[in-house]
Amino acid sequence: MEASVILPILKKKLAFLSGGKDRRSGLILTIPLCLEQTNMDELSVTLDYLLSIPSEKCKARGFTVIVDGRKSQWNVVKTVVLMLQMSCLGLAV
């Protein structure tokens, strides 16, 4: 998938790879949730795209995911965590 195809969704900054790394050199993925963001389909597309960017070597080190749910409702945070679990299972296979 090319960025130009999903550019309007990426501009919403639903999630992003900051370029930072954790202690084990895993990439940091940040998901800043807010009250207005309820479109899980767009978030799923964004996550699929962002998780496809790193090389296989980087993916093997894993990811640290920061879900900032301070400005969101708990049910949205819970849905995002479940979505992440499904995405990560897809990476492990």
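**A walk through a predicted chain**

Hi everyone, let's start with a pair of strands: β1 and strand β2, residues 27–34, run antiparallel and are joined by three bridges.

A word on what we are looking at. This is a predicted model, in which local features need pLDDT of at least 70 and side-chain atom pairs count only at pLDDT 80 or more, while totals for chains, interfaces and linings use all residues. Residues are numbered from 1 along each chain as its sequence is written, and side-chain values use heavy atoms, with hydrogens and water left out.

Now the overall layout. The chain has four helices and three strands, and from the N terminus on they come in the order α-β-β-α-α-β-α. Helices here are DSSP runs of H or I with at least four residues, strands are runs of E with at least two, and both are numbered from the N terminus.

Back to the sheet. The three strands form an open sheet in the order β1-β2-β3, with mixed pairing. The edges belong to β1 (16–21) and β3 (63–71); each has a single partner strand, so one side of each has no neighbour in the sheet. On average, neighbouring strands in this sheet are turned by 30° against each other, direction ignored.

What lies across these strands? Helix α2, residues 40–52, lies across β1, β2 and β3, and runs at about 170° to β2. For such angles, axes are lines fitted to C-alpha atoms, for helices over the stretch in contact, and the angle between N-to-C directions runs from 0 to 180 degrees.

That brings us to the inside. Of the chain's 93 residues, 34% count as buried. Buried means under 20% relative accessible area, exposed means over 50%, and partly exposed is in between, using a 1.4 Å probe and protein chains only. The largest nonpolar core has 21 residues, and those touching the most other members are Ala-15, Leu-29, Ile-31, Leu-43, Leu-47 and Val-80. Two or more residues come from each of β2, α2 and α4 (74–92), with α2 giving the most, six residues. A nonpolar core, by the way, is a set of buried Ala, Val, Leu, Ile, Met, Phe, Trp, Tyr and Cys residues joined through side-chain atoms within 4.5 Å.

Take Leu-47 as an example. Leaving aside residues up to four places away in sequence, Leu-47 touches Ala-15, Leu-29, Ile-31, Met-83 and Leu-84. Contact means heavy atoms within 4.5 Å. Across the chain, 68% of the contacts between residues at least 6 apart in sequence join residues at least 24 apart.

On to charges. How many salt bridges are found in the whole structure? The search finds four, where a salt bridge is a side-chain nitrogen of Lys or Arg within 4 Å of a carboxyl oxygen of Asp or Glu. In one, the side chains of Glu-42 and Lys-12 meet at 2.8 Å, N to O. This pair links distant parts of the chain, 30 residues apart: Glu-42 is in helix α2, and Lys-12 is in the loop between α1 (7–10) and β1. Glu-42 is buried at 17% relative accessibility, whereas Lys-12 is partly exposed at 46%.

Another salt bridge joins Asp-22 and Arg-24 at 3.4 Å, N to O. Asp-22 counts as buried, with 18%, and Arg-24 as partly exposed, with 45%. Then there is Glu-56 with Lys-59, at 3.6 Å, N to O. Both sit in helix α3 (residues 56–61), three residues apart, about one turn of the helix.

Next, two backbone details. Most residues other than glycine have a negative phi. Lys-13, though, has a positive phi near 55°; Lys-13 is in the loop between α1 and β1 and is exposed, at 61%. Ser-25 has a positive phi too, near 70°. Ser-25 lies in the loop between β1 and β2 and is partly exposed, at 32%.

Terms used: Two strands pair if DSSP finds at least two bridges between them.
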